[in-house]
Amino acid sequence: MSEQPRSRRQTRAAILGHLLKSGGMFRPPLARAVRLSEASLSRILIDLKAEGLIEEVRRPAPYIGGPTGLVSLDRSVALAAFELTTQRLSVGVGTLSGELGYVERLPLPRTLTVDTVGRVFRDALDLLRNWTRRRGVDLAQIGVSVPGLGRLNELHNPIIPCDIALVRHMFSETFADATIEFANSVVAHAMFHRCRTEDYPFADAHLFVFVGQGVAGAWVDDAIEATASMPVELGHMVFGEGGPQCRCGHHGCVEAYTSLPALADLLGINECDLLQLGDAWANAIPSPARVRQELRRRLFRLGLAIGNTLNVKPSPGVVISGWPSLLDETDRKAVVEGIDASLLGGRKLAEVSIAFVPPSNGNDPNAALAFAACCLACRGGMPVSTTEAA
C-alpha cells in the first residue's frame, strides 16, 4: 500500500487484500506488506481468526529458522455471486479463494425487457435462497455484476434492460442480513484477474481493458478495492459516420468493430457457435489472408481507442483481456501500433507498458465471485454499519 492504513478497518482491509492477491503469506512478509510490526499484525490476526475470516496452517519454513505458519483466507466463508451476460444470468456460491460449490445458469428470454430480466433475477434469488436454507449457509457477501451499470443511471441501461433499483429491492427482501454490492461487469472482470491471474502484470494503478460481448475499460487503483476501479466506456468511442451499428444505437463505435459479435460476423460464423468454441476458436476457424488483414485493422482501431483514453487520463500500464489475447504476437501487434498512433508522444515516450491476459468471459459467475471477495476484503470483513474514526 502507498501509505500506512489510518483506521482499524483500513488495516484489516490491507491484510485481507494481500491475502486475497497472494493466496497466503507467512507473517513476516505480510507484516512488511501492510507496514505493521509483527506484534501489531499478530493482534489483528487473532481477531480475524476469531471471526472466521482467516486460518493459519503449518508449512515448511521458507528458510532455516523461518516462519512455519502460513496465513490464508478461511475457506468456510461463503460468498454469493450473480453475473448477468447477454445470454444468461449465472448465480453461484463460493469461497474467498474462488472455489465454486454451487452454480446455476438461467438463460435470458428472447424478448428482453425490464420485466422479463427482473423475473430471471427473481428466479435466481429463489434458487439461491432455497439452496442456502437447505444447507444452513450464511452468506458473508453478495456480489452482482451487470453490463453497462453506471453508464447513465441505474434504470436506463442500453445493453440489457434492467432496473437495478428494483433488483436491489428484490435482494434486500430475500437476503435482508447479507451485504450486497453491484458493479459494472468490467470492474468485476478486473477484480477477477487481479485476484485470480497468476503473475498478474501490474500491482500499481493501470487501465484494464475487457474485450468480450462488449468492449469496456476500468481504471484500477493500486489497492484491492472494488471502489478503486472505475469503469470507462472506451468501447463506445465513435470513429466516424457510416460505420456498423453498435448496440448503444450509434454507428462506428470501436465495440461495433471488435466485440465478439463483430468478430463472429467477420469470421462468417454464428455467434453462438463461436461462443461454444470458447478459447479454441483461434485455431479451430481458418482465417483467409483478407480476413486476417481486416482483423488487424480492427485491432488497430481498438489500439486507437485505448491510446485516446490514455490521452485523457495517463496511466503507466494497460492490461488487455479477451479474445485478442488468444492471437499470436503478430496480430496483437496491431493493438500496440494503434496505441502508438494515438497516444501523445507514443507508447515508449509515455512509458506505457502493455500486457495481455487470458479471456475471462464464459466462466461466469467467477468474475462476480471475485468482486464479492474484494468487497468483503475492502471493508476489512467488518459489517457495513460499523463506524469508526479515521
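First, the ground rules. The model is predicted, local features need pLDDT of at least 70, side-chain atom pairs count only at pLDDT 80 or more, and totals for chains, interfaces and linings use all residues. Residues are numbered from 1 along each chain as its sequence is written, and side-chain values use heavy atoms, with hydrogens and water left out.

Let's start with empty space. Rolling a probe the size of a water molecule over the atoms shows where such space is left. Here the work is done on a 1 Å grid over the protein atoms alone. A cavity is a set of points where a 1.4 Å probe fits but cannot get out. A pocket is an open set with protein on both sides within 12 Å along at least five of seven lines. Lining residues have an atom within 4 Å of a point. Grid points are joined across faces, edges and corners, and a volume is the space filled by probe spheres set on the points.

The largest pocket holds about 640 Å³. Its lining has 40 residues, and Phe-210, Gly-212, Gln-213, Leu-260 and Asn-361 lie nearest the centre. Which elements give two or more residues to that lining? They are strand S4 (78–84), helix H6 (185–196), strand S9 (206–211), strand S10 (215–220) and helix H9 (271–277). Those names are DSSP runs numbered from the N terminus: helices are H or I, at least four residues, and strands are E, at least two. H6 gives the most, three residues. By class, the pocket lining has 16 nonpolar, 17 polar and seven charged residues. Nonpolar means Ala, Val, Leu, Ile, Met, Phe, Trp, Tyr, Cys and Pro; charged means Asp, Glu, Lys and Arg; the others, Gly among them, are polar.

Now the cavities. There is one of 30 Å³ or more. The largest cavity has about 50 Å³ of space. Leu-16, Leu-53, Leu-73, Leu-96, Ala-373, Leu-376, Ala-377 and Gly-381 line it. Helix H14 (residues 366–378) supplies the largest share, three residues. Seven lining residues of this cavity are nonpolar, one is polar and none is charged.

Next, helix packing. Axes are lines fitted to C-alpha atoms, for helices over the stretch in contact, and angles run from 0 to 180 degrees between N-to-C directions. Contact means heavy atoms within 4.5 Å.

Take helix H4 (residues 114–135) and helix H5 (residues 164–174). They pack at about 20°, axes 10 Å apart. That makes H4 roughly parallel to H5, a label for angles under 35 degrees. On the H4 side, the contact residues are Gly-118, Phe-121, Arg-122, Leu-125 and Arg-129. H5 brings Val-167, Met-170, Phe-171, Glu-173 and Thr-174. Five of the contact residues are nonpolar, two polar and three charged.

Ala-262, Leu-263, Leu-266 and Leu-267 of H8 meet Val-291, Glu-294, Leu-295 and Arg-298 of H11. That contact has six nonpolar, no polar and two charged residues.

Last, the backbone. Most residues other than glycine have a negative phi, and most peptide bonds are trans. Asp-364 and Pro-365 are joined by a cis peptide bond, with omega about 10°. Pro-365 sits in the loop between strand S13 (353–357) and H14. Arg-35 has a positive phi, near 60°. Its loop runs between helix H2 (27–33) and helix H3 (38–50).

Methods
Angles under 35 degrees count as roughly parallel, over 145 as roughly antiparallel, 65 to 115 as roughly perpendicular and the rest as oblique.
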